[in-house]
Amino acid sequence: MKASDWSQSCGSLIEGVQLANASDSEIDQMRQLLAQRGVLFFRDQDFAPAAHLAFAKSFGDLVLNKFFMPVEGFPEIAEVRKEADQTTNIGGGWHTDHSYDVAPALGSILVARELPTKGGDTLFANMHAAWSALPDPLKQRAKQLRAVHSNAHIYGRDGYYSRTDLASSLKGSDDVGSATHPVMVRHPQTGAEILYVNPAHTIALEGLAREESEEFLRVLFHHAQQPQFQCRFNWQPGSVAIWDNRLTWHLAENDYDGERRLMHRITLAGEPFPLPT
């Protein structure tokens, strides 16, 4: 197994391994590298749904997504789908999956199944790098705060997707909720400090007036979206990405109207973040 940096900011390309036949030693190496680089990319994988599921279970515990339709015969695998006649896509803004859960997801394993002829790249951003580059006064302020994360405004009965052409493709509109996490968290494996807010799901900072909360979140979001923290992955048939939801943001480009894009995603279960002392 060979790993090379995908970009300076984040991501590693892994070669010389078929995930369907990965050994325990190789999976352990992937876990360690994922915690360091935030996202792992693979090409030319022969990765049927059964193999996808078996690999994910070897990698860690699973958590079911409440809102995406499952793959037939594989309830643990969610479809991330945009049909040719739809104009809205899933995940078209910067976010991290499941930050609205009390125990945010460790990560996701996404497999390309049907791709448009062009477009549909996924961008990732390293939130450890973003935190490290914050000016010290902002760090000191952020370390004292906790943020509220929610999915109601996106997946709820009156949420964003209910007003789009994806409404009938999603479920669970009554199963929404929220959670509160520190603005700065430490990675459970490496101890690295991470900026843990995101534009899609973070709705408020506890203890601040609405205007002050919104303004400080705007500052943090603007900082974290800078290109030097990002990398871009262009999907090809047989491509797979595994990302760390604690360490990275991601964004799915929506630039392929008129074509179908189908991905299979398994979400890896995580653990609650310790509250600051």
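1. Basis. Residues are numbered from 1 along each chain as its sequence is written, and side-chain values use heavy atoms, with hydrogens and water left out. Because the model is predicted, local features need pLDDT of at least 70 and side-chain atom pairs count only at pLDDT 80 or more, while totals for chains, interfaces and linings use all residues. Helices (H or I, at least four residues) and strands (E, at least two) are DSSP runs numbered from the N terminus.

2. Sheet β10-β9-β13. Three strands make up an open sheet in the order β10-β9-β13, and their pairing is antiparallel; two strands pair if DSSP finds at least two bridges between them. The edges are held by β10 (178-182) and β13 (202-205), each with a single partner strand, so one side of each is left without a neighbour in the sheet. From one strand to the next the twist averages 30°. Axes here are lines fitted to C-alpha atoms, for helices over the stretch in contact, and angles run from 0 to 180 degrees between N-to-C directions. Strand β9 (residues 146-150) is joined to β10 by five bridges, and H149 has A179 in β10 as its bridge partner.

3. Sheet β14-β8-β16. Another open sheet of three strands has the order β14-β8-β16, again with antiparallel pairing. Its edge strands are β14 (230-233) and β16 (248-252); each has a single partner strand, so one side of each is left without a neighbour in the sheet. Neighbouring strands are turned by 20° against each other on average, direction ignored. Between strand β8 (residues 122-126) and β16 there are five bridges, and N126 stands opposite T248 of β16.

4. Strand β7. This strand (residues 107-114) is mostly covered, with six of its eight residues buried; buried means under 20% relative accessible area, exposed over 50%, and partly exposed in between (1.4 Å probe, protein chains only). Five bridges link β7 to strand β15 (residues 240-244), and the two run antiparallel. Seven bridges link β7 to strand β17 (residues 261-268), also antiparallel. I109 faces I242 in β15, and S108 faces T267 in β17.

5. W243. This residue belongs to strand β15 and is buried, at a relative accessible area of 2%. Leaving aside residues up to four places away in sequence, W243 touches several residues, among them L34, V39, D97, L106, F124, H250 and R265 (contact means heavy atoms within 4.5 Å). The side chains of W243 and N245 are joined by a polar contact of 3.0 Å. A polar contact is a pair of N or O atoms within 3.5 Å; within protein, one must be able to donate a hydrogen and the other to accept it, and residues adjacent in sequence count only if both atoms are side-chain atoms.

6. S239. The loop between β14 and β15 holds S239, which is buried with a relative accessible area of 0%. Its side chain makes a polar contact of 2.9 Å with the side chain of R43. A polar atom of the S239 side chain also lies 2.9 Å from the backbone oxygen of Q236. Beyond residues up to four places away in sequence, S239 touches F42, R43, L110, V111, A112 and F233.

7. Helix α2. In this helix (residues 49-59), the buried residues are A51, H52, L53, F55, A56 and F59. They pack against α1 (24-37), β4 (62-63), β6 (74-82), β7, β15 and β17.

8. Cavities and pocket. On a 1 Å grid over the protein atoms alone, a cavity is a set of points where a 1.4 Å probe fits but cannot get out, and a pocket is an open set with protein on both sides within 12 Å along at least five of seven lines; lining residues have an atom within 4 Å of a point. Grid points are joined across faces, edges and corners, and a volume is the space filled by probe spheres set on the points. There are two cavities of 30 Å³ or more. The largest cavity holds about 60 Å³ and is lined by M69, E79, R81, I90, L166, S169 and L170. The largest pocket holds about 410 Å³. Of its 28 lining residues, I90, G91, G92, H95 and Y161 lie nearest the centre. At least two residues of this lining come from each of α5 (152-155), β16 and β17.
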